[in-house]
Amino acid sequence: MFRTRFTEMFGVEHPIALGGLQWVGRAPLVSAVANAGALGFMTALSHPTPEGLAKEIKLCQQMTDKPFGVNLTILPTLRHTPYAEYRQAIIESGVRIVETAGYNPEEHIIEFKKHGVKIIHKCTSVRHAVKAQKVGVDMISIDGFECAGHPGEDDVPGLVLIPAAADKVTIPMIASGGFADGRGLVAALALGAEGINMGTRFLCTVESPIHQRIKEQIVANDELATDLIMRTLTNTTRVARNTVSQEVLAIERKGGATIDDIKHLVAGVRGGTVYEGGDQNSGIWSTGMVQGLIHDIPNCADLVARIMAEASEIVAARLNSMMARRVQ
Ligand code: NAD
């Protein structure tokens with residue numbers, strides 16, 4: 001049992017979060033994570049409309065009586081995205097925990113706070129963490145270069161980024177990018193975080209609403225099987241390496257590519273067909289380097305229990321015995 005500022009602030013049993021997963025952060029997975037004693041986030045933009053999001057939140061509220069939150073990511077999109085309307089849908093739904101991510105979420109943070117919503121802001125640099133604290137977020141999710149999705153442009157891995165951020169922010173922080181097991185949890189706590197955020201690990205669970213073949217592909221992939229695409233557009237995205245990611249990189253290597261040159265390849269709607277149909281080469285889909293540590297497809301309750309048991313064992317047996325040996 002680990003009690004941290006994360007478990008205390010959000011009233012959850014374990015210091016583990018499921019961050020926003022585009023297309024996947026829906027009621028079945030988020031409620032399973034909540035019922036396992038961790039904190040799940042639904043993904044606002046997985047729903048084409050704010051009304052669709054409101055419906056899915058209601059469904060999740062019927063599937064769990066435990067706390068859960070909603071992720072609102074502010075990055076360039078191919079379609080018009082009415083962020084203020086999504087924000088309003090979240091506020092009206094009664095959800096009181098939000099994960100913001102992406103560009104300058106200040107306007108949303110101010111509005112959420114007016115309604116008593118607690119905010120974890122996910123960011124990939126110390127300077128953005130410091131700025132988010134100044135703007136009034138309640139917690140930082142500091143996201144290392146290992147992560148799936150958008151690692152930012154600075155390429156600082158968690159081993160340095162987490163303690164560097166811990167040295168500069170006073171509000172609590174969770175660590176994101178590269179976490180899948182109890183070893184990672186203990187390491188994150190040692191580096192100054194109050195818990196871990198996992199995406200790829202929860203993507204590969206029984207309750208994750210994606211095709212079984214894609215879960216098996218994550219198990220088969222190693223830590224090398226990701227690509228960083230859209231680097232030339234300053235919107236770097238880590239995705240599972242496949243024929244489409246390689247095609248995007250080939251276009252980018254030619255130089256001078258714009259979003260118009262690659263949008264038919266990177267469109268999120270096309271990526272959604274991977275999860276639905278199970279063909280890993282039918283579009284772009286996100287995984288982190290941590291897929292190299294994923295070897296099975298457990299249910300969320302077993303996964304969370306296993307991580308907590310591993311973490312306890314590492315602290316109580318391995319680390320304690322090392323301390324004892326030193327003292328003798
Ligand atoms: P989308 O289909 O609108 O866009 C596909 C990709 O192209 C995204 O990575 C997007 O950031 C990028 N893009 C779009 N227009 C761009 C431009 N003008 N310049 C540079 N890059 C551009 O994206 P989607 O899959 O429907 O996702 C919606 C939003 O959520 C995107 O901004 C995406 O980056 C973000 N996202 C969120 C999560 C999450 O878990 N919350 C995960 C992945 C992506």
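1. Start with T100: at 0% relative accessibility it counts as buried, because anything under 20% falls in that class. Bear in mind that this is a predicted model. T100 is part of strand β4, which covers residues 97-102.

2. What does the side chain of T100 pair up with? There is a polar contact of 2.8 Å between the side chains of T100 and H121. H121 also turns up among the residues in contact with T100 once neighbours within four places in sequence are set aside.

3. Now the overall layout. The protein chain splits into domain 1 (5-209 + 303-327) and domain 2 (216-289). Taken over C-alpha atoms, the centres of domain 1 and domain 2 are 23 Å apart. As for how they meet, 20 residues of domain 1 are in contact with 20 residues of domain 2.

4. Next, a helix pair worth a look: α11 (residues 243-254) and α12 (residues 259-266).

5. Sorted by class, the contact of α11 with α12 has six nonpolar residues and two charged ones, with no polar residues.

How values were computed:
Residues are numbered from 1 along each chain as its sequence is written. This is a predicted model: local features need pLDDT of at least 70, side-chain atom pairs count only at pLDDT 80 or more; totals for chains, interfaces and linings use all residues. Side-chain values use heavy atoms; hydrogens and water are left out. Ala, Val, Leu, Ile, Met, Phe, Trp, Tyr, Cys and Pro count as nonpolar, Asp, Glu, Lys and Arg as charged, and the others, Gly among them, as polar. Helices (H or I, at least four residues) and strands (E, at least two) are DSSP runs, numbered from the N terminus. Buried means under 20% relative accessible area, exposed over 50%, partly exposed in between (1.4 Å probe, protein chains only). A polar contact is a pair of N or O atoms within 3.5 Å; within protein, one must be able to donate a hydrogen and the other to accept it, and residues adjacent in sequence count only if both atoms are side-chain atoms. Contact means heavy atoms within 4.5 Å. Domain bounds come from an automatic or database domain assignment.
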